[in-house]
Amino acid sequence: MSQDIDFDRYDRIRPIRWTGDALELLDQRKLPFEVDYVRCADSDEVAAAIHALTVRGAPAIGISAAWGVVLATRDVQADSGAQALPLLEPAMQRLNAARPTAVNLAWALARMRRVLASAGADWREVLAREAQAISDEDLAANRHMGALGAALIAPGSGVMTHCNTGSLATAGFGTALGVIRAGVAQGRIGKVYAGETRPWLQGARLTSWELQQDGIAPTLVADAAAAHLMKTGAVQWVVVGADRICANGDTANKIGTYQLAISARHHGAKFMVVAPSSTVDMDTPSGEAIEIEERDPGEMFAIGGVRTAAHDIVAWNPVFDVTPHELIDAIVTEKGVIERPDAAAMRAAFGG
Ligand code: MRU
């Protein structure tokens, strides 16, 4: 159970800090070499920070957007939530447009709109309470999912993860990385492999750094080494997060996840997706309907500001892919574990 885990040891990083009059975001572009918080004083600064990957990871951008709405209230005079709603809408649209694939962003904004619609004269306080609730619920969900997911892993297993799904990507503890933290704490996981996750290197820069803070030493592998690693039998579970889980269980996550799922199935390793129910999108029937964010190809031409690619070339930079549900052995949310997910199993768990 989650009570077995020493959260003081395994949950120390906080990427999002609300000061009461500004939002401070741990600048994830500078990690692991610099720990620096960026101060956002208005909602457009939050939207820009989300777009620039200062803050990233599906739950973390949802939480940041919710605080962005709270900042936007400063520019609005209204006597009730219903009056404030249309006045806040342009700022909410700009926040929503910051990144398209992670559904947590739209989900958090929908929650803010919902409470605002029925709020009275204290609508500003209502919004601030809702933003805090979104953050608190995410942390609680992660801690619970850690226990649920770890219980699926046999003692002494090797696990591989991708991107960063830890405290940095959430309110704290993490999704897939929460399962890995819980699994290590319980002695179920003997070895952790982290894929480096090009082009932004979330695995090399962020996951490795996060796990080091806990005293967990991951082994970094090039993304291209994953199939070769699995062939050695070193990986029993691939454990990843999600940016959007569709009504049939198809899952969008960081580019490179799909090839890990194919490789896992080929080599007899299991594939686990860990995400809070805020990442589940029952309105999107299957992965084909997900908008996949494509970022500036220039992100692929340099590492840390040093050009690595030939000049005058063309590049394609989709930053997410979709893993079909047939390749997923378990989806873990705070509501429980869905084994071999499909449309019927998803409906049974989430309705709709
Ligand atoms: O582009 P990023 O770094 O925001 O992508 C993040 C991921 O794909 C994560 O795996 C996902 O958001 C889950 S985070 C708990």
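These exercises work through ring contacts in a predicted model. Local features need pLDDT of at least 70, side-chain atom pairs count only at pLDDT 80 or more, and totals for chains, interfaces and linings use all residues. Residues are numbered from 1 along each chain as its sequence is written, and side-chain values use heavy atoms, with hydrogens and water left out.

**Exercise 1.** Classify the pair formed by the rings of Phe-7 and Phe-173.

Solution. Rings of Phe, Tyr and Trp (its six-membered ring) pair if their centres lie within 6.5 Å; planes under 30 degrees apart are stacked, over 60 edge-to-face, and the rest tilted. The structure holds two aromatic pairs. In the pair of Phe-7 and Phe-173, the centres are 5.1 Å apart and the planes stand at 80°, so the pair is edge-to-face. Both residues are buried (under 20% relative accessible area; exposed is over 50%, partly exposed in between, with a 1.4 Å probe and protein chains only).

**Exercise 2.** Classify the pair of Trp-18 and Trp-67, and state which parts it ties together.

Solution. The ring centres of Trp-18 and Trp-67 are 4.4 Å apart and their planes are at 10°, so this pair is stacked. Trp-18 belongs to strand S1 (residues 16-18) and Trp-67 to helix H3 (residues 58-72), so parts 49 residues apart in sequence are tied together. Helices (H or I, at least four residues) and strands (E, at least two) are DSSP runs, numbered from the N terminus. Trp-18 is partly exposed, with a relative accessible area of 25%, while Trp-67 is buried, at 3%.
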